[in-house]
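Please consider the sequence and the model shown below.

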Amino acid sequence: MTSPLARRTFAGLALTGAAACAAFAVPLLAADPSPAPPSDSADAAEPSDDMSDDEKIDWKALTEEQWKARLTPQQFKILRKHGTERAGTGKYDKLKKEGVYDCAGCGQPLFASDTKFESGTGWPSFWQPVDGVKGEMVDESIDRSWFVTRTEVHCSRCEGHLGHVFSDGPRPTGLRYCINSASLKFDPAEEKEKDAAEE
């Protein structure tokens, strides 16, 4: 069976237990939302005509108001304010369809369904990002909120908060990416196959 990742057409590529994700659900202060100054670099990349609309946007320069206009209140709370949805309430926790989970903020591919597993935590869980543990789609940072040090994961393109990664997952990586459903947008494999067949 072809991997959902193979069906995609995009460029490039410690706590344990069920309560680990829920115990520390608190919003953090947002970073300065003001746009980044333009680059003075002579070799700064110009958007090319073959780039998608999403790839032309400077996601890290969007203001807080621009994000509020693009996202639902729940998505904004989680992606931009580091919030956490209640366990068992996310729409993707029990989803078993084949496809790819994109960032709900900017559309970047993040996780494939063939790396999703039932963790029993109440949040969608994956054993690696779509391009591997050392890939470029999902970044990590240290989260010291609630007097505990954890590893936060976020989208590398828009810096949206996704959840946390823990070292109590299954083989082959032994990792559990504990992700908020509201930070994701599911892209079904069957729709991709249908679109390809119609072209």
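The model is predicted, so local features are described only at pLDDT of at least 70 and side-chain atom pairs only at pLDDT 80 or more, while totals for chains, interfaces and linings use all residues. Residues are numbered from 1 along each chain as its sequence is written, and side-chain values use heavy atoms, with hydrogens and water left out.

Strand β6 covers residues 150-155; strands (E, at least two residues) and helices (H or I, at least four) are DSSP runs numbered from the N terminus. Five of the six residues of β6 are buried, where buried means under 20% relative accessible area, exposed over 50% and partly exposed in between, with a 1.4 Å probe and protein chains only. Strand β5 (residues 138-143) pairs with β6 in the antiparallel sense over six bridges; pairing requires that DSSP finds at least two bridges between two strands. Within this pairing, isoleucine 142 stands opposite threonine 151 of β6. The hairpin of β5 and β6 has six residues between the strands, and tryptophan 146 takes a positive phi near 60 degrees there.

β6 is also joined to strand β7 (residues 161-166) by four bridges, again in an antiparallel arrangement. Glutamate 152 has histidine 164 in β7 as its bridge partner. Five residues lie between β6 and β7 in their hairpin, and glutamate 159 in the turn has a positive phi of about 65 degrees.

Aromatic rings form a further theme. Rings of Phe, Tyr and Trp (its six-membered ring) pair if their centres lie within 6.5 Å; planes under 30 degrees apart count as stacked, over 60 as edge-to-face and the rest as tilted. The count by this rule is seven aromatic pairs. One of them is the tilted pair of tyrosine 92 and phenylalanine 186, at 6.2 Å centre to centre and 50 degrees between the planes. This pair links distant parts of the chain, 94 residues apart: tyrosine 92 is in the loop between α3 (73-80) and β1 (99-103), and phenylalanine 186 is in strand β9 (residues 184-188). Tyrosine 92, at 8% relative accessibility, is buried. Tyr92, Tyr101, Phe111, Phe126, Tyr177 and Phe186 form one aromatic cluster.

Threonine 115 is found in the loop between β2 (109-112) and β3 (116-117). Its relative accessible area is 4%, so threonine 115 is buried.
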